[in-house]
2 protein chains.
Amino acid sequence: MVERKKTVTIRDIAKVANVSYQTVSLVMNDKPGVSAATRRRIQQVMDELDYHPNKVARMLTTNRSHTLELFVVDVQYGGRLADSTKNMAHIARENGYNLLISETESTHLAEAFDSAAARMVDGILMYAPRLRLPDAELRKFHNGIPLVRRDYVPGSKLAWVGFDQIYATRLAVEYLIGLGHRQIAAIPPSTELINGYWRYTTWKNVLLENGLEPGPSAEGDYSMKAGYEAACKILDTGEPFTALLAGTDNMAMGALRALHERGLRIPRDVSVMSFDNTELANYTEPPLTTVDFRFAKQDEIAVKYLIELINNPDTELHQRVLMPDLVIRESTRANHK
Amino acid sequence: MVERKKTVTIRDIAKVANVSYQTVSLVMNDKPGVSAATRRRIQQVMDELDYHPNKVARMLTTNRSHTLELFVVDVQYGGRLADSTKNMAHIARENGYNLLISETESTHLAEAFDSAAARMVDGILMYAPRLRLPDAELRKFHNGIPLVRRDYVPGSKLAWVGFDQIYATRLAVEYLIGLGHRQIAAIPPSTELINGYWRYTTWKNVLLENGLEPGPSAEGDYSMKAGYEAACKILDTGEPFTALLAGTDNMAMGALRALHERGLRIPRDVSVMSFDNTELANYTEPPLTTVDFRFAKQDEIAVKYLIELINNPDTELHQRVLMPDLVIRESTRANHK
DNA sequence: GATGATAACGTGAACGGTCAAGTTAATTAT
DNA sequence: ATAATTAACTTGACCGTTCACGTTATCATC
């Protein structure tokens, strides 16, 4: 019903301004070889005709799209990823790039990369928290398109940006031990997730290092529901614990509910702590002691690193490991039992 | 360091298969005019050389990109929008479209549309909860690119998909009145938001209709923090209320904290209800009575409607108004004061 | 056995740009 | 005064597709 505005091209400008269309191209790209007078004249015509260079045509010749693609691999639960998406889009845009989102299953990764190449995206951000693929394989897939994983992937020498999960877990567990807790339960993210694996392993290791027996544990995805169910499972074992380490603030939220339902008071009966430091952690009952993952920072670094790689494809790949801090609130306290 | 794989083109295929490259094009697009034998042969060559048609080149000739662009206009706080992004990307993909995200300020809307046109995106999804632009103006901007707003925009005859905020608010307020509450406070979203405006107005109107004086109110953005602060403000007025209607589950979460801090018990002293029915509403203390906005459904409808418009640009635009349901949990109860 | 239809291809141009090399006129050097 | 240099454009080719025709061979038809 509304007519699509007839697109005005570089040749239209040229005709009106009485130059060849190649000259118009020079003006557009601020290249030398055009007198100030004609440059001005061409500019004016472009304004008058409301000219906007066709980006697709430009892509075709320059082989650059100024687009980054975000691969979300094997992720069902949106959760905090969602905020990151907006972050990344924002930072990308600030740097002159658009962000394209695509969900993928790891079984179709090759296709996804091919498709990205066919679209001439300049680089790929990958959020694939459960993808354990040998570097060589991943390298084969991506065919040299700059790639940065927004994940903690120890063992991989490809480019990634992630929070040190081992350090993070140690921070949490040692804090609880320092408070005098000796029976520490855990609700780690599923060990199918790379993060989950390291959280679980480190939790266990740090306890053993300190001569403590690991408390009961049950894993789950990042959701509140999972946290609730895992907490129920742990409580049902009947094994005693004075502290509970939840995988995320969300999971802690679920766990808190389970604990409350059984009449347990936090932190009097059980100290609870978690990871993420989302806004939620300030508003739970009681507010959560948590490990502060600054996702916004991680997102920013990932995007900027990717852009760096795009501009300079021959730089050696490296890994950026971020260290979280502890944020102490009211869900934890010293244990004197 | 890693070599970008040399791209193989339609001409490479043609050369190997001993046909003209146009014939290869026919095969790719499943068009008639090619014998079964050569078709097979060409297919085989394409497989062998791992050929993937260049989407950019295709865009240029077909004027279609199979891309939708999501405009996020004047939105700072991520919140629930974020999940929607993932939803939309998912649905788009299921229908053969990619989703491009771009944040925009309403002051630069024209540029954003021009940029989208230059990219040849097939359609635009707009999430602009505070954009009140006359239809004529918006029409001028978008130049005929199919556009669907994922918003409730009463008064606009352009395409939009949104939950009926008036109905929703009426549902909530009348429920509270039905429970016997006569002093009902509110924390609506900022009235700068279209939703916020209607929520606030309707809250007031329904009360007046029922011969009740509107209780105290304070607005805020969608965050928990805003909910907390607004609740504090309301409490500080000293005006009595037995029920509190919060703009979102998130805001309710913040409000709950404020109420708890003052020693108020929910729902004994104050009934609290809100809007959204996010996962959070199940896990607050107590779980929230809330109006169920099925965002996932809204997202899906918006995307599908947009695709419909793309395929059939001459259909009359219309508006899809969704009706929410009430979900009753434990944060509300009858008032007998 | 000339005619027309049809299947199976090939040809040329176009999409809207960029890029490298060529041309012209003015300017400078010798 | 002529050659060399430079500024300011123009020309032609190309990016990898699709699209509208043109061409050829095959085969049935009368």
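Me: In strand 8 of chain B, which residue is the bridge partner of A243(B)?

Reply: The partner is S271(B). Keep in mind that this is a predicted model.

Me: What makes strand 7 and strand 8 of chain B a pair?

Reply: Two strands pair if there are at least two bridges between them. Strand 7 and strand 8 of chain B are joined by three, and they run parallel, so they pair. The chain passes from strand 7 through helix 11 (residues 249–261) of chain B to strand 8, a right-handed β-α-β crossover.

Me: How many bridges join strand 6 of chain B to strand 7 of chain B?

Reply: Four bridges join these parallel strands. In one of them, I187(B) has A246(B) as its partner.

Me: Why are both faces of strand 7 of chain B called covered?

Reply: A243(B) and L245(B) are buried on one side, and L244(B) and A246(B) are buried on the other. Buried stands for 20 or more other C-beta atoms within 10 Å.

Me: What makes M120(A) buried?

Reply: M120(A) has 21 other C-beta atoms within 10 Å. The cut-off is 20 or more, so M120(A) is buried. M120(A) sits in the loop between helix 6 and strand 3 (123–127) of chain A.

Me: What is noted about phi of M120(A)?

Reply: Phi of M120(A) is near 60°, which is positive although the residue is not glycine. Most residues other than glycine have a negative phi.

Me: Where is D276(A), and is D276(A) buried or exposed?

Reply: D276(A) is in strand 8 of chain A. D276(A) has 26 other C-beta atoms within 10 Å, and the cut-off is 20 or more, so D276(A) is buried. Phi of D276(A) is also positive, near 125°.

Me: Which peptide bond to P286(A) is cis?

Reply: The bond from E285(A) to P286(A) is cis, with omega near -5°. P286(A) is in the loop between strand 8 and strand 9 (289–292) of chain A. In chain B, the bond from I266(B) to P267(B) is cis with omega near 0°, and P267(B) lies in the loop between helix 11 and strand 8 of chain B. Most peptide bonds are trans.

Me: How do you know that the span of helix 12 of chain A agrees with its number of residues?

Reply: At 1.5 Å a residue, the 17 residues of helix 12 (residues 295–311) should span 24 Å, and the end C-alpha atoms are 24 Å apart, so the two agree. Buried residues in helix 12 of chain A include D299(A), A302(A), V303(A) and L306(A).

Me: How many residues of chain A are in contact with chain B?

Reply: 47 residues of chain A are in contact with 47 residues of chain B. Helix 5 of chain A gives the most to its side, with seven residues. By class, that side has 19 nonpolar, twelve polar and 16 charged residues.

Me: What makes strand 2 of chain A and strand 2 of chain B a pair?

Reply: Three bridges link them in the antiparallel sense. At least two are needed, so strand 2 of chain A and strand 2 of chain B pair. I101(B) is the bridge partner of L99(A).

Me: How many residues surround DNA strand D?

Reply: 25 residues surround DNA strand D, and the closest are S20(A), S35(A), I10(B), S25(B) and N54(B). Helix 4 of chain B contributes the largest share of this surface, five residues. By class, the surface has nine nonpolar, 15 polar and one charged residues.

How values were computed: Residues are numbered from 1 along each chain as its sequence is written. Chains are lettered from A and ligands numbered from 1 in the order in which they are written. This is a predicted model: local features need pLDDT of at least 70, side-chain atom pairs count only at pLDDT 80 or more; totals for chains, interfaces and linings use all residues. A residue is buried if 20 or more other C-beta atoms lie within 10 Å of its own, exposed if 12 or fewer, and partly exposed in between; C-beta atoms are placed from the backbone. A crossover is right-handed if, with the strands pointing away from the viewer, the path from the first strand over the helix to the second runs clockwise. The expected span of a helix is 1.5 Å times one less than its number of residues. A residue is near a molecule or strand if its C-beta atom, placed from the backbone, lies within 6 Å of it. Ala, Val, Leu, Ile, Met, Phe, Trp, Tyr, Cys and Pro count as nonpolar, Asp, Glu, Lys and Arg as charged, and the others, Gly among them, as polar. Two residues are in contact if their C-beta atoms, placed from the backbone, lie within 7 Å.
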